[in-house]
Amino acid sequence: MPVNANILEMRSITKTFPGVKALSDVTLNVTRGEVHAICGENGAGKSTLMKVLSGVYPLGTYDGDIVFEDKTMSFHDIRDSEAHGIVIIHQELALSPHLSIAENIFLNNEQRGAFGLIDWNKTNSEAAKLLARVGLRENPTTKIKNIGVGKQQLVEIAKALSKRVKLLILDEPTAALNDEDSNHLLDLILHLKGQGITSIIISHKLNEIKKVSDSVTVIRDGKTIETISKAEVTEDRIIKDMVGRDLEHRYPDHTPHLGEEVLRVENWTAHHPQDSTRVMVDNVSLNVRAGEIVGIAGLMGAGRTEFAMSLFGRSYGSRITGKVFKNGKEIKIPNVSEAIRNGIAYATEDRKTYGLNLIEDIKRNVSMAALGKLSKYGLVDDNEEFKVANEYRKSMNIKAPTVLAKTGKLSGGNQQKVVLSKWIFSDPDVLILDEPTRGIDVGAKYEIYTIINRLAAEGKAIIVISSELPELLGICDRIYAISEGRITGELPIEKANPEALIKLMTMETPR
Amino acid sequence: MTDTKPASTETIGPPENRFTASLTHILADLGKNGIFLALIAVIILFSITTDGILLRPQNISNLIVQNGYILILAIGMVLVIVAGHIDLSVGSVAAFVGAVSGVFAVQMGLPWWLSIILSLLVGGVVGAWQGFWIAYVGIPAFIVTLAGMLIFRGLALVVLGNANIGSFPSEYRALGNGFLTDLLGAYQVDPVTMGIAVIAIIALVFQQIRTRRGRLQYAQAVEPLVWFIAKLALIVAGIGFFAYALATFKGIPITLIILAVLVMIYGVLTTKSVFGRHIYAIGGNRHAAELSGVKTRQVDFWIFVNMGFLAALAGLVFTARLNLAGPKAGEGFELEAISAAFIGGAAVQGGIGTIAGAIIGGLIIGVLNNGMSIMGIGIEWQQAVKGLVLLLAVAFDVFNKRRSGGR
């Protein structure tokens, strides 16, 4: 019988990379059977700590001790830690899209029968049992690519269960999930807790931390700040620990100075790109004025991104109809370069896939959407480009030694600032910002909000798409709600509150 | 070599002394120009094993003329690879255009200049055909050009009608065999060659100083002055030696002039032009480029039109050199051109690659071919060695990136 209540003790962990001390003297104690949250800004050292724990950084590359179930561990690689029942599920899921659910669950742990060949009946029936445990109603032979991200996350957990997991580590598990899937996942974590599985959950989302965790450890700048028990957890206390200062206001003040209407969209309809009978955006009409910040609230898949991208030079969808008016005059936007020429900018929700060229430097990313401004006779002025990028590096507070730093090496917040710089440099009148603060830490979020306010103060019309209601309520002047591709309501900020918005966002309208 | 200097020197905290600063810079520079050093190493190696025959004037001249068409193809191939594609058809296209040019210049008796222009146009049309399928229909370049490899090899045979076409007009032949010489009569050392070399050197030095000034004006990091001068002196000495060698043989080969013009044009295109930026942007992240207003289909299309044009030019040079358009022409060219680009540092995933790199990569292959031939090593071993060099060059590149990549 264990005499120690702690299943895991990480004692005085110190990890240095050439030139950087990523972790210094970090201590983490996890009680058996609890859900333990780890909070911290991006770059605080959370992921490094988990990599030390799971053996990605093997024994000898760090200082300190890992004690698991009262024994000092010496992990040489991730297999070692898994053999002891420590399983980590990374933010980017490690599933093979063309293999079935069952094949993925037993990848590298194949269920064998006679002659060492794979026993498919056993594989599929065992997988079905695991799926039942995580509450996923899918056929084990379904291919991974045919199920959504939320379900994929559950498959990852089923895979962990198949390895007889004792300590489950989830790195930002709900970052890519909508509210419904997130809730399901959080319930599952609590359910597994009932079965005696201890979990560590890394998350940015304070409300879900409050919901599931029994204690919270906050890490800042590679050091443990404190561990807070459930009774004492408040959002403000976590934020204060994370940023090291009180954030009086999580959202900067913003007094709107509204001008003329800049953009008006009428009866915008778009269909699915492959299946042109499926309506994705249904008769959407909206408008934005100069200096105004307008929010679009909607669940994932409600058609928010589809609307924005179909508007932005028809970069999404098929059979698109509707009218767009810019400063009262109707305009046609057949492609992206025409959208940019008309002063419309769209900063994507997925900056790594759609926003940045990660192998290029800051300079070339910033200039990408408006190279014409920097060139004569089709030739780019390198020096001028350097100067412009450097100005943005300073004014947007992009944390990088020079603009020659590759964007792939920047943190999420700084990458987002590069994306914003790119679009601001294209001189837009209308900026559509799709999930502008996704995966960004609290401090950088505040900076992004400040930038958005500054742009509005300069008279730009801004549309913010977000699934974080507090964010929309914190920064917008007016909010549209969208559900199943339709605008289901429009609320001025004075009348908007989370309850009203959620009601509109989940409203089902008969077709 | 490119002039993008790492800015690391200015990020290291305390002011260090200038000597160590210069040293770190030079080391970083050498690391990045590893491929150039590899070329020098290969040259030195084969100079020794061939008792100096490799660097004899006649052999240097031969090296250029024998590898000219591969280098021309490598220039186009870099653009294709940077955009994330591949072109397997260039050898067949070169053969096809060579055959077509034979029909124009020999069988139809058109003037040499008209034959050349028409042939280049045919190359462009071939490129447009492949570009159409790749850019607008969306079929992977590997498939389209694999088909093209068969299609145009077949069409070359059809055009040739199972025979060789030969005896081209002398002006046409000059593309592959001609020299810019005898303009001032025969001298021991050709003055035209030396004159052009001097002009080239002055232009180069002037351009380098101008670039450096510009960067300083904008307060950008530049390399230490000593290193700048040393590097420039080294390059000038290299050009001087090279020009002298050519001048004591027959002068500047026409092929070299074509190459020099192409390197200049495509150098500017890749490093300075908006179109070039778009190619790199597409290779780095196609979606992001598209959402930044880059007309990705158009760019893809023109990259292949360009490749077709350059494949045609390579076909003309090769045909001119042999004075014969035959069914076997251009076999394996695609593989040498692709190897040149990859040895020169182009990335398999796209987004990375330079014209200078591809030229150096092509020269490494050329020196290997030439050196081993002089040594009397058989074709079978030459093949194996070239394969190994390609593998090691890319492995070195991968290793280098991993080391500098940190975590």
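The structure is a predicted model. Where the two chains meet, 24 residues of chain B are in contact with 28 residues of chain A. Within chain B, helix 5 packs with helix 6 at an angle of about 145 degrees, and within chain A, strand 13 is mostly covered.

- On the side of chain B that touches chain A, the elements giving two or more residues are helix 9 (191-217), helix 12 (274-284) and helix 13 (286-290) of chain B.
- Helix 12 of chain B gives the most to this side, with five residues.
- By residue class, the side of chain B that touches chain A divides into eight nonpolar, 10 polar and six charged residues.

**Helices 5 and 6 of chain B**

- Two packed helices are described by the angle between their axes and the distance between the axes.
- For helix 5 (residues 90-107) and helix 6 (residues 112-137) of chain B, the angle is about 145 degrees and the axes are 9 Å apart, and helix 5 of chain B passes helix 6 of chain B in a right-handed crossing.
- From helix 5 of chain B the contact takes in B:Val93, B:Val97, B:Val100, B:Ser101, B:Phe104 and B:Ala105, which meet residues of helix 6 of chain B including B:Trp112, B:Leu118, B:Val122 and B:Val126.
- The residues of this contact divide into nine nonpolar, four polar and no charged.

**Strand 13 of chain A**

- In strand 13 (residues 293-297) of chain A, five of its five residues are buried, with A:Ile293, A:Gly295 and A:Ala297 on one side and A:Val294 and A:Ile296 on the other, so that both faces are covered.
- Five bridges join strand 13 of chain A to strand 20 (residues 461-466) of chain A in a parallel arrangement, where A:Gly295 stands opposite A:Val464.
- Four bridges join strand 13 of chain A to strand 21 (residues 478-483) of chain A, and these strands also run parallel; here the bridge partner of A:Val294 is A:Arg478.

**B:Val305**

- B:Val305 lies in helix 14 (residues 296-322) of chain B and counts as buried because it has 21 C-beta neighbours inside 10 Å, where the cut-off for burial is 20 or more.
- Leaving aside neighbours within four places in sequence, B:Val305 is in contact with B:Gly124, B:Gly127, B:Ala128 and B:Gly131.
- B:Val305 and B:Val268 are 37 residues apart in sequence, and their C-alpha atoms are 18 Å apart in space.

Key
Residues are numbered from 1 along each chain as its sequence is written. Chains are lettered from A and ligands numbered from 1 in the order in which they are written. This is a predicted model: local features need pLDDT of at least 70, side-chain atom pairs count only at pLDDT 80 or more; totals for chains, interfaces and linings use all residues. Two residues are in contact if their C-beta atoms, placed from the backbone, lie within 7 Å. Ala, Val, Leu, Ile, Met, Phe, Trp, Tyr, Cys and Pro count as nonpolar, Asp, Glu, Lys and Arg as charged, and the others, Gly among them, as polar. Axes are lines fitted to C-alpha atoms, for helices over the stretch in contact, and angles run from 0 to 180 degrees between N-to-C directions. A crossing is left-handed if the near helix is turned anticlockwise from the far one by less than a right angle, and right-handed if clockwise. A residue is buried if 20 or more other C-beta atoms lie within 10 Å of its own, exposed if 12 or fewer, and partly exposed in between; C-beta atoms are placed from the backbone. Two strands pair if DSSP finds at least two bridges between them.
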